[in-house]
Amino acid sequence: MISSNTLQNNTYLYTKLAAFYANCGRLGEARVIFDRIVLKNVFLWNSMIRGYACNGQCMKSLVLYREMMSFGQKPDNFTYPFVLKACGDLGVVEIGRRVHCEVVVCGFETDVYVGNCLLAMYSKFGEMDMVKMVFDRMPDRDLTSWNTMISGYVRNGEPKEAFLVFQMMGRTGLVADCATLLGLLSACVYMSSLKLGKAIHAYVVRNDLARVNGFLINSLIELYCSCNSMVAARQCFKEVTWKDTVSWNSLVSGYSKNADALESLRLFCQMVLEGVNLDQVTLVSVLGACYKITALQFSMSVHSYIIKQGFRAHSMVGTALIDSYSKCGDLACSRRVFYEMAEKTLVSWSAMVSGYGLHGMGREALSIFHDMMGIGITPDEGVFTSVLTACSHAGLVNEGKEIFHSMEKKYNVQPRLAHFSCLIDLLGRAGYLDEAYEFIKAMEIKPTCDMWASLLSASRLHKNVELAELSAQRVFEMNPKGVGSYVCLSNLYASENRWDDVEKVRALVRRKGLQKPPGFSFTELDKVVHRFLVGDKSHEQKDAIYDKLNELSQRLKEVGHKPDTSSVFYDVEEEVKEKMLWDHSERLAIAFALINTGPGAVIRITKNLRICADCHTVSKLISKLMCREIVMRDIRRFHHFKDGLCSCGDYW
């Protein structure tokens with residue numbers, strides 16, 4: 001057009017060309033042409049406003065809208081939807097309300113398209129009362145109106161209201177479309193409602209909707225993963241003919257969250273082999289799976305992939321690396337990633353504080369907490385949870401109490417349930433049981449199950465039977481299916497040789513149909529993770545492992561070790577108790593690592609339960625006898641065993 005001089009003095013063609021560029025997201029070229037046009041019609045203004053609003057430049061969209069008004073050009077029903085979208089995306093509530101007033105004055109409030117955009121805007125503001133008011137005043141509603149209401153309630157944490165709206169919609173004779181079902185599936189995920197989700201899945205299958213909308217099958221995978229129904233999730237995944245990155249990510253994340261980190265890592269490897277495009281979500285999910293089984297070597301391989309593929313600059317991926325390395329037991333790598341990050345977010349600082357706390361380095365956690373504030377970053381609820389947990393792991397009672405009481409006064413952060421739980425855990429672990437109990441009684445909010453569980457655990461640790469029984473009763477009432485609290489009370493009775501009470505608790509567990517999770521440990525060798533159960537005889541190297549255990553047992557006896565059988569909560573002979581201790585999963589993992597790694601190599605182990613007193617002592621002695629460092633993560637924290645000592649100072 002330029003070379004043939006077609007554009008010369010052709011306002012109509014210029015307008016169409018500007019609109020074309022704007023609709024394609026090429027706002028630079030569109031603006032150049034837009035500025036050349038003297039007589040701008042409403043179509044041109046609308047095209048530019050829409051272009052900016054739909055391409056992440058919402059402020060420019062609003063500025064252009066004001067310029068349009070100042071030039072005397074009247075907006076129409078095609079202008080306001082995109083102005084309202086820009087207001088909603090920016091979260092500018094006052095400007096949004098002003099534009100709403102202008103909509104009313106201009107008489108466009110009854111336009112269903114404009115009305116739907118008002119619903120969407122107020123939903124983004126979180127003002128569901130206004131959404132309902134606008135919806136009730138709409139003379140005409142289409143399916144989009146109802147879908148916007150459903151998604152709005154889900155977005156703002158009211159999934160049950162979303163289903164009520166859906167029921168009302170059904171009474172009007174409208175039939176749900178894919179957008180409706182996506183909103184309802186999100187509501188099911190929010191409520192972890194497997195039953196409702198299956199009903200929607202059945203509707204999708206009956207109407208063959210998954211074939212025409214790939215988002216539906218991805219939402220179903222996410223639903224089943226959130227409800228810990230991984231067999232159904234995997235079946236949905238298999239049925240997808242064209243799997244996108246979201247499909248893979250949902251499954252990788254689902255296995256990671258639902259205690260099958262090994263499968264999560266296998267899927268990640270399959271993604272790489274099949275050439276699937278990996279994104280930040282994939283990498284964050286797989287790093288989360290790595291730390292659950294202390295797969296340090298695998299984490300390092302993922303780190304290498306991140307650098308090669310150019311994801312290093314992403315703060316979300318960097319933060320996941322910090323978290324993964326610290327939870328895999330390598331705090332040095334965590335620190336290196338942290339200090340190499342170009343942009344450290346609040347979450348990055350929080351991850352570093354949490355990492356130090358997990359390794360029992362409370363002073364270092366406090367130091368980095370103060371460094372963060374020193375550069376002007378204001379701590380939020382998450383950071384306070386991390387630093388209070390760090391104080392708890394290190395027994396820093398005074399420091400933890402001071403931080404807790406400064407939250408509201410100094411930082412204007414209202415303590416939440418998690419912070420109250422942290423303080424109770426801090427006091428309980430340190431032996432201040434009466435103070436912890438009085439704190440619970442004096443709280444203005446109702447104590448949660450976790451708070452009573454923390455007090456129960458502390459009472460067991462310090463052998464306060466009376467307080468343990470009181471705490472256990474509260475936990476049983478609030479969470480009758482939580483087997484951990486029954487086990488905790490039973491173990492306390494066993495340590496006091498109250499075997500009749502032990503049998504009563506165990507009978508109660510059997511009557512309720514509850515099962516204690518089996519103890520198991522992981523260790524990684526050449527990027528392959530090996531899992532050991534208590535008394536495991538299934539490993540291909542079982543003979544060598546048990547020979548090594550016998551050798552270690554003999555050597556420990558020679559240096560004067562006498563097994564602490566107080567950790568065996570069964571009324572059996574002392575000799576049997578000693579044998580049961582040597583069947584513990586972490587000892588099998590240590591023996592396996594000693595057989596298969598060279599002298600001086602660090603042994604890294606993860607277990608799903610708290611390490612018992614005798615295993616803790618044995619690990620210290622093995623570290624000295626074999627001249628090995630053993631890094632072990634139990635359900636509470638990390639233990640670094642070296643030269644016969646543990647980093648926890650026997651406080652865990």
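How do the residues of the lining of the second largest pocket divide into nonpolar, polar and charged? In this predicted model, the lining comprises nine nonpolar, three polar and 10 charged residues. The second largest pocket holds about 440 Å³ of space, and of the 22 residues that line it, K292, I293, F522, T606 and R633 lie nearest its centre. At least two lining residues come from each of the helices α15 (245-257), α16 (261-273) and α17 (280-292), and the strands β1 (520-525) and β3 (603-607) likewise each supply at least two.

| Pair | Centre to centre | Angle between planes | Arrangement |
|---|---|---|---|
| F404 and F439 | 5.9 Å | 75° | edge-to-face |
| F476 and Y486 | 4.1 Å | 5° | stacked |

The pair of F404, in helix α24 (residues 397-411), and F439, in helix α26 (residues 433-442), links distant parts of the chain, 35 residues apart, and both of these residues are buried. Because F476 belongs to helix α28 (residues 465-478) and Y486 to helix α29 (residues 483-495), their pair ties together parts that are 10 residues apart in sequence; F476 and Y486 are buried as well. Elsewhere, F34, W45 and F71 form one aromatic cluster.

Charged side chains also meet aromatic rings: the charged end of K243 sits over the ring of F237, 5.1 Å from its centre, while R587 lies over the face of W582, at 4.7 Å from the ring centre.

Terms used: Residues numbered from 1 in each chain as written. Predicted model: local features only at pLDDT ≥ 70, side-chain atom pairs only at ≥ 80, totals over all residues. Heavy atoms only, no water. 1 Å grid on protein atoms, 1.4 Å probe; cavity = no way out; pocket = protein on both sides within 12 Å on 5 of 7 lines; lining within 4 Å. Points joined across faces, edges and corners; volume = space filled by probe spheres on them. Helix = DSSP H or I, 4+ residues; strand = E, 2+ residues; numbered from the N terminus. Nonpolar A, V, L, I, M, F, W, Y, C, P; charged D, E, K, R; others polar. Phe/Tyr/Trp six-rings, centres within 6.5 Å; stacked < 30°, edge-to-face > 60°. Buried < 20%, exposed > 50% of the residue type's maximum accessible area, 1.4 Å probe, protein only. Lys NZ or Arg CZ within 6 Å of the ring centre and 35° of its normal.
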